[in-house]
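Student: I'd like to learn how to read a few features off a model like this one. Could you walk me through some?

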Amino acid sequence: MKNFKLNLFLSIFIFAFTLQSVNVFADDIKISNFPVIAGGAGAVMDFDSGAVLWSKDGDSQRTIASMTKVLAIAVAFDEIKAGNLNMDDKVVISANAAAISNNPMWSGHESFKAGEIQTVRDLLNNAVVFSGNASIVAIGEHISGSTAEFATKMNALAEKIGMNGYFVDPAGMSENNTTTAKSMLKLGKYIYENYENEIKSMTMLSSVYVHGILKKSTNMLLNNGYYGIEGLKTGTYSSYNANFIGVAKRGDKRLIAVTINTPTANRFSDITSMFEFGWKNDFNQYWKNDSRLTETQISSDKKNPLNGDKFKITLMNKKLKNINNFTGKVRWFINGEPYLANSIRDMNYSNLGQIEVSKNDDEPMIITAQLWFGNEMYDSYSMIFQDGINETQNDMVETVTDNVDLYENPIK
């Protein structure tokens, strides 16, 4: 009998302890309508926060065919930004690019002639709209002299973005162009975050003309008028090995979704399934009501930085470690002024956001991190550095919060 009572007590104690460790959400907010996709891999991201809302084999290496062109186009945009390329530059079509454009194996069929002149703008439009292989090859050759050298730039950018993959040509003709679904989301975020106007001027085209022949967009979500669609790119090896990365925006919410190695007939339904999952669930409200957020703290890797020192400030929550779909967004301020450097977020290390700053004088330095969900601020966290000491508290400086109304382009 004593053993029974002891076991009963232990069971009740363990049950009660387990209840305390369960994450409790206000108003019983739940995530529902999870996607069902035919693709071997897929994922969907909340653009604003960079959170991966859902994935299927999102870290597995896959061949991606013409989705490779998105990376090549991003390299071209970087070259334009650096002043090394212009949209109106003239590109001489090489014998190699001409041969590709007339090869029935490839779907582009630009029918170029060696020595023909095309503009950078027209070639990029061809690559985006109807996936012209020769067009993006010509761009790569024009920038780097050869597709192999251009692939070096592609891999360098992929590493900078944090992609896990390897690329050997700009068009995606080789099956050795491989990456992961989550990496493609990072690429989509990079190109829309840095070149939204430029990429949308191409992805929103339903067709282009090449040598007087109409070439329609391969993006059927665009052709069929899917509400909010903005892009981005198909990729096909065969009728049973197709891909698509899509970008869409409704209201203030933009989503990026990708499906890899799916039947051609399913690639757009895969994407809409993931989009609908993102539209129907309020992830910001879901996370805003997570009781673990009360454990959020701000910290510095240097307690007493001296003039000229660089140091990192981190907004951290150890209880949210490895939570990839966290949609909170951090806005940073220094002495009440918006800090315009991108916040780095790595959930493997519990970072909600992190920036690197420099102390340049003896004046007090107040650094504030605001945690936002959508258009609502959850809380504010500040550190002050003055005369070799620092202090930390929530809502330390009222003027920092007041300045938010003047800040129209929050850090993402």
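Tutor: Helices and strands here are DSSP runs, numbered from the N terminus. Keep in mind that this is a predicted model. By that numbering, Lys233 sits in strand β10, which spans residues 229–238.

Student: What does the UniProt annotation say about Lys233?

Tutor: The unreviewed UniProt entry has a "binding site" annotation that covers Lys233.

Student: Is Lys233 buried or exposed?

Tutor: The cut-off for buried is under 20% relative accessible area. Lys233 counts as buried because its relative accessibility is 2%.

Student: Which residue's side chain does Lys233 join in a polar contact?

Tutor: Ser131: the two side chains are joined by a polar contact of 2.8 Å. Setting aside residues up to four places away in sequence, Lys233 also touches Ser66, Met67 and Lys69, among others. Phe244 and Ile245 are on that list too.

Student: How about the nonpolar core? Which residues of the largest nonpolar core touch the most other members?

Tutor: For a core, look for buried nonpolar residues joined through side-chain atoms within 4.5 Å. The largest nonpolar core has 63 residues, and Phe77, Leu124, Ile191 and Val258 touch the most other members. Helix α7, residues 181–203, gives the most to this core, with 10 residues. A second, separate core holds 48 residues, including Trp287 and Trp332.

Student: And which residues does Val258 contact?

Tutor: Beyond its neighbours within four places in sequence, Val258 is in contact with Ala41, Met184, Leu185 and Ile271, among others. Met67, Phe244 and Ile245 are on the list as well, and those three also touch Lys233.

Student: Last one: how do I find empty space?

Tutor: Rolling a probe the size of a water molecule over the atoms shows where empty space is left. In this structure there is one cavity of 30 Å³ or more. The largest cavity has about 70 Å³ of space.

Student: What lines the largest cavity?

Tutor: Its lining has 13 residues, with Val128, Val129, Ser217, Asn219 and Leu232 nearest the centre. Elements giving two or more residues to that lining are α4 (120–129), α7 and β10. Strand β10 supplies the largest share, four residues.

Terms used
Residues are numbered from 1 along each chain as its sequence is written. This is a predicted model: local features need pLDDT of at least 70, side-chain atom pairs count only at pLDDT 80 or more; totals for chains, interfaces and linings use all residues. Side-chain values use heavy atoms; hydrogens and water are left out. UniProt positions are given in the numbering used here, feature names are shortened, and annotations may be inferred rather than shown by experiment. Buried means under 20% relative accessible area, exposed over 50%, partly exposed in between (1.4 Å probe, protein chains only). Contact means heavy atoms within 4.5 Å. A polar contact is a pair of N or O atoms within 3.5 Å; within protein, one must be able to donate a hydrogen and the other to accept it, and residues adjacent in sequence count only if both atoms are side-chain atoms. On a 1 Å grid over the protein atoms alone, a cavity is a set of points where a 1.4 Å probe fits but cannot get out, and a pocket is an open set with protein on both sides within 12 Å along at least five of seven lines; lining residues have an atom within 4 Å of a point. Grid points are joined across faces, edges and corners, and a volume is the space filled by probe spheres set on the points.
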